[in-house]
Structures are given as structure tokens and as C-alpha cells.
Amino acid sequence: MTGPTSPISQDVLLGVEQLSKSFGNVRALRDISLWLPRGQITALVGDNGAGKSTLVRVLSGVHQPDHGRVTFAGQPVRFADPQAARLAGIETVHQNLALVDELTVWQNLFLNRELVRRLGPFAVLDRGAMQVKAREMLARLSVNVPPVRAKVQRLSGGQRQAVAIARAAGWGSKLVIMDEPTAALGVQETARVEELIAGLRAEGMTILLISHNFEQVLRLADRVWVLRSGALAGGRLTTETTGEELVGLVTGAIAG
Amino acid sequence: MAGLATEAGSVPVDEPREPLRERVRDIGFWADWAAAIGLLAIVLVFGIASPSFLTLGNIEAMLVSAAILVVLAVGQAFVISTSGIDLSIASVMTFGAVVLGLLYAAGWPILFACAGGVLAAAAAGAVNGLLVAKGRVPDFVVTLGMFSAASGAALILSDGQPTDVVDPALLTLASGSVGPIGYSVIVAAVVAVLGHIVLFRTRFGVHVLATGGNAEGARAMGVRIGRVRLVVYLISGVLAGLAAILLVSRLGAAEPAINTTYLLNAIAAVVLGGVSLRGGRGSIAGPVLGALLLTALTNGLTLLGISQFYQPLAVGIVVVLAALLMRYQR
Ligand SMILES: Nc1ncnc2c1ncn2[C@@H]1O[C@H](COP(=O)(O)OP(=O)(O)OP(=O)(O)O)[C@@H](O)[C@H]1O
Ligand SMILES: [Mg+2]
């Protein structure tokens, strides 16, 4: 494995060692080892079916790995479910967004993090507070802010993406994972999301960005890992690689 | 949807609302209010056709006879909001009623006998929930099995015979009232209000709707969808048990008879109330209005002296019309 630099020499937020995950006969991840430096944007690239989303789902507690170890903030971790990952400080924008169409924007933003008021032994939703805070969370995205009381169903693709990203970024988490956050977006919306990602990095957040857009990766990320057919094909500092080299690593033309 | 069903939450108030005139031209407006409009139409038609329909006495009688259906429809609404279905709800009610009757016949005080009936029904609901949530058996299959099992258990336990439950307290529940409002109507109203609060004002309620709307997405956010599914079937069982008490109090006996009309009407009321069978779109007010509509329809047809045989046909037509209109829901 040719990592950009040694993982020991720097501040690693999340480390993955020899991680494997199979679905029946499909070996979606084979002995993956990589790490995410704290406070940086790390990209993960690879062809369709390379295993990127599977890795994301393992890191966010949706799937459990068959083998291998994950360390987070210096501690070995094993997330039994997504809530455990969220409590540890990992928020994820899943490829399919995981928004509930029938719920409103604010309900989605606060899903499973609902604010409540106590009325004696009962806890009722504090809808007013959630709506106010939802507007603040979305205002950070500054563009075409959807009304917080609208159903997600009625939003444009870009607005939905904004809601999903605002949700992941809004909780003071340590790591935000974004699985193809700009895949469905137009030029302007893509630029806005990229601004947001850069803004999160400036705030000191660690980000794992999955993307098929190598220009975007080179523009935004500090380093990049390449997956090929479930295995790690290589890792590079973005300052020391080119789009052609990444294409070569992805396709196998370059051995890595 | 706008008013009665999913609360004001869905109206984008950040934008100015469409004027009423515009909204009335939109078929989605009618779909959202289908149960209320249907109820109004039925009240108007029968009110004109039969002079006794809108008398205070008949309205009271309709509310009393709607009480059981309202309680069942609230339970069914919770299940359907998670995109499940409880086909066993009416036979679980029958099962609870038989348990109540047998405990009473065995000399238990009425309060304990009622509690026993509710517990029995709740246990059946819990079995449904466990099989759906942990056993990952499709809800349709699980509750169809429970439909059969609970009616069978009721027949076996009672040996097919009704048990008289002549108790002054239960009699009061059936015939007593506060002013013109019968106790059973008050029970149903309390169930509906609590159901509405739980569905729209608690975290659990949001998780019910999220589970129905996008189970995988909800799970990815850490919602424990298995637990949510278990609890909605438990709620359905408990409410079936409560309905059993109302049923026994009305009949003065616990009868093991299979009650498919209650099952079909409970589902029909929920569908009429604008709750999507695909889940995620919940309502309590809608199903309650749906239950009132179905009761008023049956009552009106009876008052007009139309043969009972036409009632299921009329219910069927109303439900299918409503389902057609529902396609235009916003
Ligand atoms: N839940 C699952 N059950 C069975 N197979 C799965 C499952 N999830 C992923 N796979 C398989 O694992 C492999 C990797 O899929 P994955 O979604 O991780 O790819 P990806 O790199 O995210 O691709 P894309 O760029 O298209 O999003 C594929 O062969 C896929 O079919
Ligand atoms: Mg993917």
C-alpha cells in the first residue's frame, strides 16, 4: 500500500485496518486499510460498485464489517447501529439521502434528534424551537433556502441535498461523511455545496467526500484514496497527483 | 395535506398561502378534505331525506355506535402510518371480549375482568409486533394468521357460546352520559385526542411517520424501526382490548362471533381519513371522521328503510370513490 505519508506521524481522526465486508458471494470490501487526517478533507473515489458506499455504511453503523478494525479519535470502535455512530460524532449524507419525503424539512433535520419540552412526566415536541433552529441550520447554506415547514417531497434536488447536508453538518459532529453530495446537482448548486464543504473544513471539521468528479476532488480534498473492485488501489496527496493518475488507479491502468 | 390530516406542519408558511378561491379549484384540496366533505354530504343528504336523521336522539345514537369503530380506527391508523396493516384487529377485539367475559363469569370483579381482557388483546398485539419487527414476517401474513388464531382462540375458550356480562358499571358505560354525550363517546374522544397527541407531538410519533415514509432512511438516522413497529402493533392490540370493553358493555355479553365488518370498516375509515397505505402520511382526525362517515352512512340507510344488504355495497362504493380522490392528494 502506498499511502501519502505514514499514518503515525500525523493526527488521525479515523483509521480503518484490514476491513472486509461481503454480501453473500459479493466481496464488497477486501482488506481495506486507510485513514482520515483530522481537520482535512479526504476523498474516496472508484468506479460504480467499487465499494465506496459500502465503506460509508460500515463507518456510519448501517452495516457491520465481517473483519477488520476501525479506530475513531484514538479509540477502537464498533458501531452496532447508526445511532451509535451518530453519538460518537459521525454524521453521514447517504447516497440515497435518507430523507423522509412525507415529513417536513424541520422534521427531517431533527429526525431522531427531536427537541422536546417536558410536561410533568411527558415529553412533547418543541416544534417552535426546532423550526427556528432549522432555519438557522439552513441559513448557513445561504442559497435558495427551502421553507422549513414544507414537505421534503416538494423540494428540488438541490434543496433536498441542502437539507441532507445541513442535517449532517448541524450537530457539531467530528466527522461528516458525504456520499456523492453533488451527483444530482446543477452547476450553481454544485458550486454552493463545494463552498459549504470548504466552509466546514475551515471550521475544523473532518470530511470524507465520495465523488466521481476528479476535478472536484482535486479542488477540494487534501488527499484521496482509490478503491477498485472492493480493494484499495492506492492513496495520494491531491497536491501530488493528477486527474490522469487517478483515472489510471481507478481503472487499473496504473497498479497503485 | 392541509388541514385535518397532517397538521399545519406541511404548509409552507414562509410563502404566502394561496387564496381560498385558488385552492378550491385544485382537486388536491378536495382530496385532503375527503372524509370531512363526505361526512358533510352524507349528513346533508340523509338530513333532507329523513326527518329523524338530524334529531338529537339519533345523533347521540350514531356517536355511541361509532365509538367502537373510532377506537379501532385509531389503532389501525398507527399501524398503517408505518406502512403496516393489522388484519387481526377485530378478532383480537373478539378475543379480548371473550377473555373479559370468562374472567367475569369466573367471579372476578368487573375492573379486573376488563383489565384481563385488555391484557389478552395487548398480548396478541405484542405477538403481531414481535413477528413483524423481529421475525421480519410480512405484516399481511402475520396479522392474517392472528386474525384466524384469535378468532379460533375465542371460539375454543368460550366453546362457541356467548357469556352474559350483566354488570351495573359496564351498563353505565354503555348507557350513561354526561349531558347528551354518552360515556363510550367520551372514551372514544379521549382515545382520539391522545392518539393525535402521540402521533404529532411526540418523538415516537415522528418516528412512526419516518418508519412508514422511508424505513431505511429512518434507520440510517438511528431510529429503531423494529421497536417502532412493535409498539404500533401493541397500541393496536391495547385499543382492540379497549374496544372489547365497549363492545361487551353494549351487548351485555361477550360473544365469540367473528366480526369482519369491524375489521373492514376500521381499514376503510383509515383510508377515508387520508392515511396512505404506503405509510408516512398519518392522521388521527381523518380516520375519526372516516369512522363517523361510515356510521352515519349505515344509520341513514337504516332510517330510510333500505335493506341491510345494501350497506356493505354502499360502504364499498364510498371507500373506492375516496381512494380515487385520494390519488390527487398533495
Ligand atoms: N446491501 C447489499 N446487498 C448485497 N450487495 C450489496 C449491498 N450493498 C452493496 N452491494 C454490492 O457491493 C458492491 C459495492 O457496492 P457499493 O454500493 O459500495 O458501490 P459504490 O462504490 O458506492 O458504487 P457507486 O459509485 O455506483 O455508488 C456492489 O457489487 C453492490 O452490488
Ligand atoms: Mg455508492
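These are my notebook entries on a predicted model.

**Ground rules.** I number residues from 1 along each chain as its sequence is written, and letter chains from A and number ligands from 1 in the order in which they are written. Because the model is predicted, local features need pLDDT of at least 70 and side-chain atom pairs count only at pLDDT 80 or more, while totals for chains, interfaces and linings use all residues; side-chain values use heavy atoms, with hydrogens and water left out.

**Entry 1, magnesium.** I looked up which atoms coordinate the magnesium ion (ligand 2). They are OG of Ser53(A) and OE1 of Gln95(A), at 1.9 to 2.2 Å. Donors here are N, O and S atoms within 2.8 Å of the metal (3.2 Å for Na, K and Ca), and water is not among the atoms, so sites may look incomplete. Ser53(A) lies in helix 1 (residues 52-59) of chain A and Gln95(A) in the loop between strand 6 (90-93) and helix 3 (105-109), so the pair ties together parts that are 42 residues apart in sequence. Helices (H or I, at least four residues) and strands (E, at least two) are DSSP runs, numbered from the N terminus. Ser53(A) counts as buried because its relative accessibility is 13%, whereas Gln95(A), at 41%, is partly exposed. Buried means under 20% relative accessible area, exposed over 50%, and partly exposed in between (1.4 Å probe, protein chains only).

Most residues other than glycine have a negative phi. I noted Gln18(A), which is not a glycine but has a positive phi of about 45°. Gln18(A) sits in strand 1 (residues 12-23) of chain A and is exposed, at 51%. I also noted Asp159(B), with a positive phi near 55°. Asp159(B) is in the loop between helix 7 (139-158) and strand 1 (163-164) of chain B and is exposed, at 62%.

I found a nonpolar surface patch of about 930 Å² in chain B, with Leu304(B), Phe309(B) and Leu313(B) among its members. Patches take residues with over 30% relative accessible area and no salt bridge, joining like charges within 9 Å and nonpolar side chains (Val, Leu, Ile, Met, Phe, Trp, Tyr) within 5 Å. A salt bridge is a side-chain nitrogen of Lys or Arg within 4 Å of a carboxyl oxygen of Asp or Glu. Leu313(B) belongs to helix 15 (residues 310-326) of chain B.

Gly96(B) is in helix 5 (residues 89-105) of chain B and is buried, with a relative accessible area of 0%. Its C-alpha atom is separated by 10 Å from that of Glu255(B), 159 residues apart along the chain.

Notes:
Areas by Shrake-Rupley, 256 points an atom, 1.4 Å probe, with all protein chains shown as cover.
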